[in-house]
Amino acid sequence: DVVAPSVELLVPASTAGPDELARTLAVADGTGAVAIRVLDTTHRGLMAREAARFGARYEVLDADGADGPAALVELARRSTRADVLGWIDAGDVPVPGFLDLARRLTDADGPRVAVVQSSVDLLNRDSLLHLVPDRDERALENDVAGPSLGRDGAAPWEGSGSLARVDALDAVGGLPVGGAPTHRAAMRLARDGWDVVWSRPPTVRTVAPDTLDDYLHQAGERSHADWLTLFGSDTPLRPGRLGPRRGVAQLSASTAVLDGAVRITYLCVLVAVLLTGRLPVSAPLAVVTAAFLAQLLLRTAGSVALSRGTVGAGDATRQGLRLMGVHLTGILRPPRRPAPGHGPTRFAVLGRLPLLTVALLAVDVALVARGLTFVWPDLLPAFSDAGRFLVMAAAVWAIVPMVDVLQVLAGRVQRRHDHRAGSDLVAEVDGQPCRTVDLTPHGVGLLLPGRLEGVHDVRIRLDVP
């Protein structure tokens, strides 16, 4: 029989506010954990009161906020007496049954499982992670890559939404300090003979980044940290009991920053060819065209088929163009934290994707200049008619997805200038009739006839036609 282990739920909350913490604790309070510990780096009275309201223990730990939630989890691990630690970032919501996954960690008949990582469901369906409303960037990991790698014990460990055996973490010295702590810990566990498995369906719900600044910062921070693992003691290039699938998966994550360098190199070569009239290869144009079309079709068909519908045609290109700038800078340094106070204006998108904007302008100018050679042949070095047509077609092919990325983001900013949607519905608050004035993803705005005095628990009844 599988013995139910004791589970302590850790809720890192250093970057969250009282509302996010309440959203997590309201559900976590009934999960059956032996203790719920809210972890912070500085004492905040509102957070302490919110934790006490749900019976959780509020702890201030001496961790560097720049090291993220993993540093708080590591410090809390050293003082736990539980068999298993559950990890839920403040703001994320565990689904009932989340802690039941701990049984997979103590199954004596199964493999040595150190971590169970749950797939994650997104609360906001139109976030920056959603390339289209019904498909997000995490779908490939949640529905295909995670379960596939998990069958070999090589699933990614992402942090929030996971449960980990305390003795397994003790055996590898806990979570390392610095970038990509869970990915590095997963490699240490693999070398020590432990598995990391994936769980579906999702048992955790989270809010995806909803502004372009937050999206770029999170993606850039993650890719830069994974890039640095190549040069540290936990590098996947080091021989050992890492396993081929774990090693390849981590190599893929660690080299993601190189995608930006590849894309900008291709665009620079394209601009140079348009302006100089010289192709970078000496093969016949028919061979170059056939090779380009063949690799494009094979790559697109392969990614769509292997992703089982979680990736559409063109999704990888759009995502790569959006992240081209942060990937390129991620080779040298981590991204700068976004400054507060930027208004969501339509043209702000151009300033926040400067490399993509400059690349688009450069290709546009070179394409127009080459097009003018039909009228003024001496404007640029001569090109054969076939070569000119091929290169101009390649330039148009490059421009279309760049324009698509920018116009989608700019249009989304206009559609989501703020989260409030005006409404005029009848409501009732503690027996007082009132009207709603707006709706948001996390609440409702009410127009009350008077103030509510001394009321802590408010019941709202809303009639939606």
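Q: What links E8, R37, R57 and E59?
A: A network of salt bridges links E8, R37, R57 and E59. A salt bridge here is a side-chain nitrogen of Lys or Arg within 4 Å of a carboxyl oxygen of Asp or Glu. Bear in mind that this is a predicted model, where local features need pLDDT of at least 70, side-chain atom pairs count only at pLDDT 80 or more, and totals for chains, interfaces and linings use all residues. Residues are numbered from 1 along each chain as its sequence is written, and side-chain values use heavy atoms, with hydrogens and water left out.

Q: Why is the contact of E50 with R53 called a salt bridge?
A: The closest N and O atoms of E50 and R53 are 2.4 Å apart, and the limit is 4 Å, so the pair qualifies. Both sit in helix α2 (residues 45-53), three residues apart, or about one turn of the helix. Helices (H or I, at least four residues) and strands (E, at least two) are DSSP runs, numbered from the N terminus.

Q: How do you know whether E50 and R53 are buried or exposed?
A: Buried means under 20% relative accessible area, exposed over 50%, and partly exposed in between (1.4 Å probe, protein chains only). E50 has 14%, so E50 counts as buried, while R53 has 54% and is exposed.

Q: What makes R188 and D234 a tie between separate parts of the sequence?
A: Their salt bridge has its closest N and O atoms 2.9 Å apart. R188 lies in helix α6 (residues 181-191) and D234 in the loop between α7 (212-228) and α8 (244-254), so the pair ties together parts that are 46 residues apart in sequence. R188 is partly exposed at 24%, but D234 is buried at 5%.

Q: Why is the pair of W87 and W157 called edge-to-face?
A: Rings of Phe, Tyr and Trp (its six-membered ring) pair if their centres lie within 6.5 Å; planes under 30 degrees apart count as stacked, over 60 as edge-to-face and the rest as tilted. W87 and W157 are 6.4 Å centre to centre with 80° between the planes, an edge-to-face pair. W87 is buried at 6%, and W157 is buried at 2%.

Q: What makes R112 a charge over the ring of W194?
A: The test asks for NZ of Lys or CZ of Arg within 6 Å of the ring centre and within 35 degrees of the ring normal. The charged end of R112 sits over the W194 ring, 3.9 Å from its centre.
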